[in-house]
Amino acid sequence: MANIPHDATNTAPPAELGEMELYHPKSWWTKYVFSQDAKIIAIQYAVTALAIGFVALVLSWLIRLQLGFPNTFTFIDAERYYQFITMHGMIMVVYLLTALFLGGFGNYLIPLMVGARDMVFPYANMLSYWIYLLAVLVLVASFFVPGGPTGAGWTLYPPQAITSGTPGDEGGIILMLVSLILFIIGFTMGGLNYTVTVLQARTRGMTLMRMPLTVWGIFVATIMALLAFPALFVAAVMMLFDKLLGTSFFMPTLVEFGEQLSYGGGSPILFQHLFWFFGHPEVYIVALPAFGIVSDLISTHARRNIFGYRMMVWAIVIIGALSFVVWAHHMYVSGMHPYFGFWFATTTLIIAVPTAIKVYNWVLTLWRADIHFTTPMLFALGFIVTFVNGGLSGLFLGNVVVDVPLSDTMFVVAHFHMVMGIAPILVIYGAIYHWYPKVTGRMLSEALGKFHFWVTFVGAYLIFFPMHYVGLMGAPRRYFETSDIMVLPDSAITLNAFMSIAAFVVGFAQMVFIFNVVWSLKNGKEAGGNPWRATTLEWQTPKTPPEHGNWGKELPIVYRWAYDYSVPGAPEDFVPQNQPAAATQGAPS
Amino acid sequence: MSAILIFLTVLALGAGWWLSRQGLTVKPWLQVDHAGTVADPGPSRHSPAQLGLGLFLAVVGSLFALLISAYIIRAEAGDWRGFPLPWIVWANTLTLLAASLALEWARSAAQRGALAVARTGVIAGSGAALLFVTGQLVAWASLTESGYDISSGPAGSFFYLMTAAHGLHVVGGIFALGRTLGHIRRADQDNLGWQERKEQAGLVRISVDLAATYWLFMLFVWVVLLLVLSGWAGAFLALCGQILSGSGLT
Amino acid sequence: MLVALMMVLVVVGSIVFHFLSPWWFPPLASNWGYIDDTTVLTFAITGAVFAAVVLFMAYCLYRFRHKEGNKATYEPENRRLEVWLISLTTGGVIAMLAPGLFVWAQFISVPDDAMEVEVIGQQWLWNYRLPGEDGRLGAADNRFVTFDNPLGISPHDPAGQDDLVVIGSDLYLPVDRPIRFALRSVDVLHNFYVPEFRAKMDMIPGSSTYFWATPTKVGTYEILCAELCGVGHSYMRGIVHVVTQEEYDDWLVLQRTFAEF
Ligand code: HEM
Ligand SMILES: [Cu+2]
Ligand SMILES: [Cu+2]
């Protein structure tokens with residue numbers, strides 16, 4: 001609340017805005033760098049997230065080099081390996097996916113899709129980005145401190161996260177915790193913005209049930225993040241206290257390499273509870289925006305209304321609420337009270353039901369549709385396959401006793417890459433191909449896009465599907481050296497090499513994507529205002545790319561829901577949300 | 001994790017009640033409006049800033065609920081030893097209460113448009129809040145002196161952690177009060193036109209209203225923390241703890 | 001077209017891979033066949049769902065691909081269909097969850113006649129402690145850990161004096177005896193995992209955890225640490241020999257007690 005803007009008295013957005021009142025940035029700096037325009041902030045978020053994500057991608061190659069060809073690349077020692085997987089995992093989950101979905105897509109799409117001129121607190125919004133950038137820089141700095149970044153695994157479990165047997169236990173872990181704390185502060189500023197904008201800045205006629213599912217997904221995910229991130233915040237602060245001030249929140253009496261440390265009495269399990277109280281909702285913080293976006297992609301490119309819109313909305317809300325009571329399914333073999341297993345296995349499998357409904361409805365949207373195989377559509381379809389695959393392997397890990405042999409093995413790694421690695425990434429790509437024309441006014445190359453899709457989708461499936469079986473055979477995760485495990489046959493080594501090669505090929509395809517994005521900026525086909533012939537408001541802006549203030553003089557008025565595709569009797573196969581009912585025809589129903 | 005679950009349940013009930021009135025069961029595809037029939041919903045009851053503050057307090061609330069959860073889990077381990085709170089924290093409660101009362105007074109004054117009174121209220125509130133922070137620092141000093149420093153044991157560690165978290169929020173609130181005073185000063189200039197004056201008074205009203213809400217919440221959090229830390233809530237918590245660990249939720 | 005074909009290939013390829021590849025659980029060597037059964041059941045149900053969803057999607061993609069003049073059907077929802085799908089899904093979930101919870105109940109109830117073996121993790125090797133003649137393990141705490149007492153056995157507890165202490169060498173277990181593995185750690189988290197036994201559990205400094213299993217097959221197995229415990233994590237291996245009772249007894253007499261240590 002230190003950031004209440006000066007026009008805080010504006011309670012409802014006025015339908016009309018005099019030319020004078022539009023806030024105009026004064027200089028190049030305030031227009032493009034310290035901008036308070038949600039669209040610019042969105043691009044800043046997206047570029048930063050993709051850049052740091054690229055680092056995580058390179059780290060994944062290094063991980064795969066070691067796993068596929070052990071003892072060949074001697075510059076990767078065990079210490080480095082653990083630093084690589086830790087930074088890879090943390091960057092991917094927090095600094096790429098969370099930041100991109102909420103900070104990137106949330107900023108760009110929420111105001112446009114609900115018909116607002118901007119976020120309600122533009123100044124806090126700008127601050128949110130700069131704090132995020134600072135968090136990223138602190139994270140990057142940890143690569144350069146003595147001892148390097150932390151190698152504690154992205155879960156940062158104590159006691160090992162801050163004891164000397166783990167790489168980066170001095171500078172690395174401290175910078176990691178500080179970076180997370182900054183990220184959470186920055187996110188909270190953005191998150192309050194997204195939520196209040198959805199609640200209060202919707203244009204006339206935009207009832208909640210007329211909102212596109214993209215907005216629903218981002219909205220609910222944001223609320224979840226606002227309530228879940230404090231758990232990580234608390235855990236990070238307490239661990240910093242343990243490391244720097246000598247408290248023992250998480251540190252029991254322990255002896256490291258023959259030396260009694262001065263800690264005593266703390267509980268490592270307490271950290272795990274706090275971490276996963278954030279960590280599980282985090283999975284859905286990433287998944288719900290993806291759910292929303294993919295619903296809109298499928299509906300638009302299949303020219304058919306999303307099937308079961310109401311169920312889709314309810315499912316998003318129910319999943320959001322339930323995901324706060326399943327966290328300990330990550331702790332079945334942590335030594336917590338064994339009775340917890342009954343409760344958490346049950347809640348976890350209950351979530352499968354609303355999630356399955358969403359999948360059915362995506363697929364049923366394709367029934368009797370008119371499917372255009374555009375690049376965004378291909379990515380959306382790829383998402384369904386990987387998400388279903390990963391969701392189903394989640395039933396193994398959620399069902400407590402099946403999890404016992406599988407937990408902490410490569411099966412888990414395969415599962416979460418399918419469901420929260422590859423699946424959301426495919427949605428992000430689909431969304432970029434879909435909205436790039438709105439952001440830049442030009443289309444991305446379809447030919448390169450299709451190449452990018454096929455290599456990424458098939459390649460990723462080839463990396464992660466066989467990986468389940470490596471875990472089934474007993475290979476633990478976070479193993480620097482798996483080739484000499486007794487239970488693994490020699491053929492598993494070949495399999496590992498195969499997965500690594502697939503990973504390099506997939507990585508190469510991402511370069512094609514980067515090229516496409518840069519090249520099309522100048523050379524892409526002119527897009528026009530609504531190249532996909534879509535119904536939602538962002539495609540109805542007077543200018544493309546939309547100007548500051550989005551709507552020119554008058555805000556759009558919404559007359560219908562977001563999914564009027566192929567309405568019987570309508571002249572075209574889509575009716576924009578801001579088009580009133582025809583005077584003679586009446587409502588289509 | 002009982003405290004945070006209880007807190008979130010309360011939030012969820014509120015959210016559920018609100019959602020139940022948003023027409024989530026209508027079939028939106030059946031509702032197509034004609035041009036000119038979409039009503040302007042009119043200004044909503046709360047300003048974005050008020051709603052934003054409400055959400056922010058929910059976030060802060062979950063932060064403290066999590067700290068309390070951690071405290072409870074830790075306190076249930078066998079080796080827990082409490083320690084006597086310094087008497088000054090009880091006195092500090094009074095200064096925080098005074099700050100909150102002063103701001104309530106300022107709130108009602110701002111509502112009436114009595115700017116001078118509102119200013120007095122805000123200044124008094126800031127003063128009391130500063131006194132509170134000083135008092136908390138004195139509490140830390142006296143504790144450290146008597147051997148209970150931050151690493152002296154779990155109860156001490158939690159005491160410092162929780163009072164520090166609360167104290168930082170209070171300090172942030174004092175800065176916000178400075179902004180409120182700025183608003184009042186601007187609204188109170190003589191050379192304002194009628195329209196401008198009205199606008200400025202509106203800003204003051206909202207600003208003071210936000211401040212009063214925030215401080216009320218800080219007072220509430222402090223009282224809860226005090227009950228937990230002093231062990232007064234202990235008997236009650238032990239009871240809950242037994243029930244909950246029986247059902248496997250702590 | 002291509003997409004539909006690829007989707008079919010994904011399904012067929014995955015199923016073929018599942019059945020034809022040599023990669024599967026290592027042969028079971030404990031009583032936890034139920035875990036394998038539940039896993040196979042889960043594979044069957046989820047595999048069927050995966051195939052059904054993706055094949056249905058492939059059919060739609062082929063059948064309803066855009067052709068000139070096509071128009072999609074306008075059908076916002078279908079209550080009956082949705083209710084059916086919800087019920088079927090709920091049924092499938094129950095079919096997996098019920099046996100799962102049933103087996104979990106067994107997993108957490110240690111038989112009364114189980115023999116106690118304590119495993120103590122340490123960066124990065126495995127130590128063990130077995131009850132001595134009194135049949136009980138003495139108290140232990142990380143506070144007591146010294147160079148001469150690496151497992152932190154309480155010097156004040158007479159029950160601990162005759163405990164057998166095995167430092168960093170192989171563990172022997174008698175075949176067909178239920179064993180309660182009591183787990184401790186002197187430094188950081190570890191996890192005791194023998195793939196052939198299926199069971200595993202974290203080891204936490206400052207407290208004691210457990211699981212139980214009955215080794216059912218004579219043989220030599222590798223112990224893997226399954227919780228990241230620092231740079232040496234992947235080298236934290238041990239060997240467990242499951243042997244006949246006679247061989248076990250022979251091994252036991254060779255071990256030193258805490259008092260002798
Ligand atoms: C082609 C892309 C990717 C490849 C080849 C890849 C590869 C890997 C591998 C091999 C590991 C585990 C190594 C081990 O446990 O020893 C790993 C860990 C991980 N990856 Fe990825 N990954 C990719 C993309 C992603 C994405 C998009 C995410 C986003 C969620 C992600 C999240 C994680 C996480 C959270 C871990 C766990 C780190 C830990 O154990 O602490 N990865 N990755
Ligand atoms: Cu989870
Ligand atoms: Cu380990």
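Helix H1 of chain C, residues 2-20, gives the most to a nonpolar patch, with 6 residues. The model is predicted, so keep that in mind as you look around. The patch lies on the surface and is formed by C:Val8, C:Val12, C:Ile15, C:Val16, C:Phe19, C:Leu20 and C:Leu55. Together these residues have about 640 Å² of accessible area. Take C:Val16 as one member to inspect. C:Val16 is found in helix H1 of chain C. Its relative accessibility is 40%. Buried means under 20% and exposed means over 50%, so C:Val16 counts as partly exposed.

Stay in chain C for one more stop. C:Asp163 is found in the loop between strand S2 (125-130) and strand S3 (164-167). Is C:Asp163 buried or exposed? C:Asp163 has 0% relative accessibility, so it counts as buried. Its side chain has a partner there. A polar contact of 2.6 Å joins the side chains of C:Asp163 and C:Arg129.

Now move to chain A and find the copper ion, ligand 2. Which residues coordinate the copper ion? They are A:His280, A:His329 and A:His330. A:His280 uses its ND1 atom, while A:His329 and A:His330 each use NE2. The distances run from 1.7 to 2.0 Å. Along the chain, the donors follow the spacing H-x48-H-H. A:His280 lies in helix H7 (residues 268-301), and A:His330 lies in the loop between helix H8 (309-322) and helix H9 (340-366). The pair therefore ties together parts of chain A that are 50 residues apart in sequence.

A:His280 has a relative accessible area of 6%, so it is buried. A:His330 has 31% relative accessibility, so it counts as partly exposed.

The side chain of A:Thr348 makes a polar contact with the side chain of A:His329, at 2.9 Å. A:Thr348 has its place in helix H9 of chain A. With a relative accessible area of 13%, A:Thr348 is buried.

Next, look at ligand 1. How many residues surround ligand 1? The count is 24. The closest are A:Tyr81, A:His88, A:Trp154, A:His417 and A:Arg478. Several helices of chain A build this shell. Helix H2 (38-68), helix H3 (78-114) and helix H12 (410-440) each supply at least two residues. Helix H3 of chain A gives the largest share, 7 residues.

Now zoom in on the polar atoms around ligand 1. An oxygen atom of ligand 1 is 2.6 Å from an N or O atom in the side chain of A:Tyr81. For A:Arg478, a polar side-chain atom lies 2.7 Å from an oxygen atom of ligand 1.

End the walk at A:Phe387. This residue lies in helix H10 of chain A, residues 375-398. A:Phe387 has a relative accessible area of 6%, so it is buried. A:Phe387 and A:Leu521 are 134 residues apart in sequence. In space, the two are 31 Å apart, C-alpha to C-alpha.

How values were computed
Residues numbered from 1 in each chain as written. Chains lettered and ligands numbered in written order. Predicted model: local features only at pLDDT ≥ 70, side-chain atom pairs only at ≥ 80, totals over all residues. Heavy atoms only, no water. Patch = residues over 30% accessible without salt bridge, like charges linked within 9 Å, V, L, I, M, F, W, Y side chains within 5 Å. Areas by Shrake-Rupley, 256 points an atom, 1.4 Å probe, with all protein chains shown as cover. Salt bridge = Lys/Arg side-chain N within 4 Å of Asp/Glu carboxyl O. Helix = DSSP H or I, 4+ residues; strand = E, 2+ residues; numbered from the N terminus. Buried < 20%, exposed > 50% of the residue type's maximum accessible area, 1.4 Å probe, protein only. Donors = N, O, S within 2.8 Å, 3.2 Å for Na, K, Ca; no water. Near = heavy atom within 4 Å. Polar contact = N/O pair within 3.5 Å; in protein donor to acceptor, adjacent residues only side chain to side chain.
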